[in-house]
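Subject: Handover of a structure

Dear colleague,

Please find the structure below, followed by an account of what was found in it.

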Amino acid sequence: MTIDIHLFVKEKGGDPEAIRESEKKRYRNPEIVDEVIALYSAWVKESFKLDQINKSINAVQRDITAKKRAKEDASEFMEKKLALDEEKKEQTNVVKESEVKMKIVASTVGNILYKDVPVSDNEVFGYILVVDP
């Protein structure tokens with residue numbers, strides 16, 4: 001199980017500095033945290049674009065319904081809706097790809113180490129906390 005993506009985002013109550021420190025203790029590159037934050041921001045922007053397309057589709061659908069109830073020609077709105085549906089398919093793929101990429105990079109980040117965990121780059125130099133009798 002990977003670390004929650006919201007822990008990377010300060011605005012969501014996360015603490016990216018704690019994750020950076022934990023990655024340093026693991027002798028890993030802490031810049032991966034910034035990469036995950038950037039990927040998260042890109043994913044949010046793409047999701048917002050998809051939401052806007054959905055709103056447009058709903059508005060056009062309301063126009064089509066109004067025209068059909070009034071027994072008028074709605075072909076111009078139908079063309080618009082078909083174009084928006086195609087745009088929605090493309091944007092949905094973009095959102096899925098960006099989410100997968102973000103999750104793959106985030107999965108490489110380890111859990112936050114507890115403060116009492118011994119830190120060493122080699123087991124020889126680590127210390128023993130408890131010895132079983």
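Which residues in helix H2 are buried? Val-33, Val-36, Leu-39, Tyr-40, Glu-46, Ser-47, Leu-50, Ile-53, Ile-57, Val-60 and Ile-64 are, where buried means under 20% relative accessible area (1.4 Å probe, protein chains only). Helices are DSSP runs (H or I, at least four residues), numbered from the N terminus.

This is a predicted model, in which local features need pLDDT of at least 70, side-chain atom pairs count only at pLDDT 80 or more, and totals for chains, interfaces and linings use all residues. Residues are numbered from 1 along each chain as its sequence is written, and side-chain values use heavy atoms, with hydrogens and water left out.

The buried residues of H2 pack against helix H1 (16-25) and H3. H2 and H3 pack at an angle of about 160°, their axes being 9 Å apart (lines fitted to C-alpha atoms over the stretch in contact, with angles from 0 to 180 degrees between N-to-C directions). H2 is therefore roughly antiparallel to H3 (an angle over 145 degrees).

The largest nonpolar core has 13 residues, of which Ile-5, Phe-8, Ile-19 and Val-36 touch the most other members. Such a core is a set of buried Ala, Val, Leu, Ile, Met, Phe, Trp, Tyr and Cys residues joined through side-chain atoms within 4.5 Å. Helices H2 (31-69) and H3 (75-106) each supply at least two residues of this core; H2 gives the most, with four. Apart from this core lies another, of seven residues, including Ile-53 and Phe-77.

Yours sincerely

Note on methods: Buried < 20%, exposed > 50% of the residue type's maximum accessible area, 1.4 Å probe, protein only. Contact = heavy atoms within 4.5 Å. Parallel < 35°, antiparallel > 145°, perpendicular 65-115°, else oblique.
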